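The structure goes in here before any notes.

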Amino acid sequence: MEIPPHFHVAETSGWLVNHRMNSALPGYIMISSKTDTTDLSDLSENALAELGPLLARAQSALKRELNAQRIYIGRYGHTPGYPIHFHVIPIYDWVEELFWKDPRYRLLENFVEGPGETATDGAELTLFVWREFCERAEPPPVKGPSVSEVIELLRGVIRPQA
């Protein structure tokens, strides 16, 4: 899949970092392999060595620069045509507030047997972000900088180390 340049955040020899194209949530970034594979074991040593620092810089930038409460990092890329990639999802305090205010997501409590370890978990908030900020025609209002402002900010802080 071709990612338009205005979504690009950073690049290494093995990875492209971009803002998720269909996400209205500022800071939702993707780190995608430039190698057409769905398996980490198919990647070069260099690409594998670049991955950890990229994930760490992305997490640090979202926390430090955008004040994300939590950062979820998930590995995907099992669909043909999509190489292995990682979703880096910021959870801001206002995102979690929206989650708790939406009665539709209270139905998730019906799937828990016994007391949960926490009030909510990463899977529930990831579902919320995907449905509300990536799939809705009219996503909830964003508090803070816009997607384009965040892309510019992240370009300055998620740089591969020379």
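**Entry 1: a pair in α4.** The model is predicted. I began with R155, which forms a salt bridge with E152; their closest N and O atoms are 2.4 Å apart. I looked up where the two sit: both are in helix α4 (residues 147–157), three residues apart, or about one turn of the helix. R155 has 27% relative accessibility, so I wrote it down as partly exposed, since buried would need a value under 20%.

Entry 2: The salt bridge between R104 and E132 has its closest N and O atoms 2.8 Å apart. R104 is in the loop between α2 (93–101) and α3 (122–135), while E132 is in helix α3, so this pair ties together parts 28 residues apart in sequence.

**Entry 3: a second pair within a helix.** I noted a salt bridge between the side chains of E135 and R131, at 3.0 Å from N to O. Both residues belong to helix α3 and lie four residues apart, about one turn of the helix. E135 is partly exposed at 48% relative accessibility. R131 is partly exposed as well, with a relative accessible area of 37%.

How many salt bridges does a search of the whole structure find? I got eight.

**Entry 4: the core.** I turned to the largest nonpolar core, which has 45 residues. Which of its members touch the most other members? They are W15, L25, I31, L154 and I158. Helix α1 (residues 45–66) gives the most to this core, namely eight residues.

**Entry 5: around W15.** I listed the contacts of W15, leaving out residues up to four places away in sequence. Among them are A10, I31, L43, A47, L51, L54, I84 and F86. The list also includes S32, S33, K34 and E50. One of these contacts, I31, was already in my notes, as I31 and W15 are both among the core members that touch the most others.

Notes: Residues numbered from 1 in each chain as written. Predicted model: local features only at pLDDT ≥ 70, side-chain atom pairs only at ≥ 80, totals over all residues. Heavy atoms only, no water. Core = buried A, V, L, I, M, F, W, Y, C linked by side-chain atoms within 4.5 Å. Buried < 20%, exposed > 50% of the residue type's maximum accessible area, 1.4 Å probe, protein only. Contact = heavy atoms within 4.5 Å. Salt bridge = Lys/Arg side-chain N within 4 Å of Asp/Glu carboxyl O.
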